[in-house]
Amino acid sequence: MLSLRRRLVLVQVGVTVAVMAIAAFGAYAVFARNVHRELDAALLALAETELGMLLSADAGSAATVHEAPSGPGAPSFVRLDRLVQIVGPDGRVLARSTNLGEAQLPIPPLLRERLAAGETVFETLEGFGEEPTRMVSVPVPGRAATLAVQVAGSLDDVNRTVAMASVLFLVLGGALLLALGLAGTLITRRAFRAIDEVVQQAHRISDANLSERLPSPGTADEVGRLVETLNAMLARIEHGMEAQRRFTADASHELRSPLSRLRTELELALRRPREPAAYVQTLRSALDEVESLSLLVEELLVLARIDAGQEREAAETVALDRLAEEAVRRLEPMARERGIRLRLELLAPVAVRVARGAANLALANLLDNALKFSPDGGTVHVDVFAPPGSGEAVVRIADHGPGIRSDELPHLFERFYRGAGARSDETTPGLGLGLALSQAVVQGHGGRIEAMNAPGGGARFELRLPLAAAWPEPPMLTPH
């Protein structure tokens, strides 16, 4: 199969040949027609001159062809290669030019009829004389004894001129075609040389050297834009691969720690005989580690399904204020254990388009996160509202904890990321997946979660979801 480069060159040559052929044929036809018209005009002018002289003569005088008189004067080219004769109504030749000799121009009956009707007739005579001949017959008005003046001329010069023009067209067309073909070849070779360099560099790039980029041609043409697009795609792939490696390393670390603790506890329990109560305590500790591992594996599976596009539930119209009430009710016992007050403020009913399970998961994780970092005896504020004109419903969850460090805000929703406060306090449970999981499921339904520090201290998270299309936007003010 021909390469793309050769196909482009062949297409270019084919289109050029077609366009040039059409243009050449058109130019040839126009040129040939104009040359023949020039000859016809010259013959007609001579015939009209003879006609004028004939009409200016006396009515009773004999018809004669007016030729240049012989003598010492300069030779005249007026009659050169022109045959002239004057014919009567019966077709008899009344007068002829000297160069016609004893021959006569044809005057068939059909031509006499057309001349008698006053029509000027142009004809090409086939087989007359040694050269192709063009003839014009002009009727003579007002003289019953004279029918027409006929003037004929050779077509040899005209045909030779047209033939030379056709040769010239062919030579110029061939030269132009050759030049365009060479130019097209050079241009495509130069363009495809840059593409070949890109292909060779792309073959050298693998997952081991994703930081390398394709060579830029330094131009803003199609090849330059293609290279820029491919380099941007490589950057996204590199970022994704780096995130995948980091995710795998973090997951391995998170799995290794509870497994190591579980193995250590079991080895200590089996090292020597112990009392039943000691075994029970060991088993309970092992059960806690197993539950932690189960939770981690379950969250990892959910994230993997989300990445593969398999975890998205069908969206439905749900009342977000009721989901918030249910989430607060479920976490009330945990809050009471630490003396934390959950304050829910519903300004108006709000409906959104979201999967119920995704909304419940995000609300539960955000409330659990707020309770973890709230001081004992503190308050967690939960507000549900719809900012006018935004087309969104918002669940705002604010605590009075230590807040979020500014350098931690960009990484807060990364997988396995835990802030400095959570890492330093070993009593704070968590694997660093809750916020990442919540953000992933919410984004899958067209929403987002935003994190910020509250003006009065503490952290504030806003869960934003699109309002249901058929649900009227409630006229309310945004709480402060």
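Visitor: Hi! Leaving aside neighbours within four places in sequence, which residues is Arg460 in contact with?
Guide: Arg460 is in contact with Arg396, Ile397, Ala398, Glu450, Ala451, Met452, Ala454 and Pro455. Contact means heavy atoms within 4.5 Å.

Visitor: What should I know about the model before we go on?
Guide: This is a predicted model, in which local features need pLDDT of at least 70 and side-chain atom pairs count only at pLDDT 80 or more, while totals for chains, interfaces and linings use all residues. Residues are numbered from 1 along each chain as its sequence is written, and side-chain values use heavy atoms, with hydrogens and water left out.

Visitor: Thanks! Back to Arg460: where does it lie?
Guide: Arg460 lies in strand β12. Helices (H or I, at least four residues) and strands (E, at least two) are DSSP runs, numbered from the N terminus.

Visitor: And is Arg460 buried or exposed?
Guide: Arg460 counts as buried because its relative accessibility is 17%. Buried means under 20% relative accessible area, exposed means over 50%, and partly exposed is in between, with a 1.4 Å probe and protein chains only.

Visitor: You mentioned Ile397. What does that one touch?
Guide: Not counting residues up to four places away in sequence, Ile397 touches Leu366, Leu367, Ala370, Val380, His381, Val382, Ala459, Arg460 and Phe461. Ile397 also belongs to the largest nonpolar core, which has 42 residues. A nonpolar core is a set of buried Ala, Val, Leu, Ile, Met, Phe, Trp, Tyr and Cys residues joined through side-chain atoms within 4.5 Å.

Visitor: Which members of that core touch the most other members?
Guide: Those are Val352, Val380, Val395, Ile397, Phe461 and Leu463. At least two core residues come from each of α6, β8 (351-354), α7, β9 (379-385), β10 (392-398), α9 (434-443), β11 (448-453) and β12 (459-466). The largest share, 8 residues, comes from α7. Another core lies apart from this one and has 21 residues, among them Leu39, Leu51, Leu54 and Val84.

Visitor: α9 is on that list. Why is it described as largely enclosed?
Guide: Because 8 of its 10 residues are buried, α9 is largely enclosed by the rest of the structure. The buried ones are Leu435, Ala436, Leu437, Ser438, Gln439, Ala440, Val441 and Val442.

Visitor: How do α6 and α7 cross?
Guide: The axes of α6 (residues 320-337) and α7 (residues 356-372) cross at roughly 35 degrees and come within 10 Å. Axes are lines fitted to C-alpha atoms, for helices over the stretch in contact, and angles run from 0 to 180 degrees between N-to-C directions.

Visitor: Which residues meet there?
Guide: From α6 there are Leu323, Ala324, Ala327, Val328, Arg330, Leu331, Met334 and Ala335. From α7 there are Arg356, Ala359, Asn360, Leu363, Ala364, Leu367, Asp368 and Leu371. By class, this contact of α6 with α7 has 12 nonpolar, 1 polar and 3 charged residues. Ala, Val, Leu, Ile, Met, Phe, Trp, Tyr, Cys and Pro count as nonpolar, Asp, Glu, Lys and Arg as charged, and the others, Gly among them, as polar.

Visitor: New topic! Where is Arg213?
Guide: Arg213 sits in the loop between α3 and α4. With a relative accessible area of 28%, Arg213 is partly exposed. Not counting residues up to four places away in sequence, it touches Gln201, Ile205, Asn231, Leu234, Ala235 and Glu238.

Visitor: What about Ser211, buried or exposed?
Guide: Ser211 counts as exposed, at 53% relative accessibility. Its place is in the loop between α3 (156-204) and α4 (222-271).

Visitor: And Phe169, where is that found?
Guide: Phe169 is found in helix α3. It is partly exposed, with a relative accessible area of 29%. Leaving aside neighbours within four places in sequence, Phe169 is in contact with Ala24, Ala27 and Tyr28.

Visitor: Last one: how many helices and strands does the chain have?
Guide: The chain has 9 helices and 12 strands. Of its 480 residues, 36% are buried.
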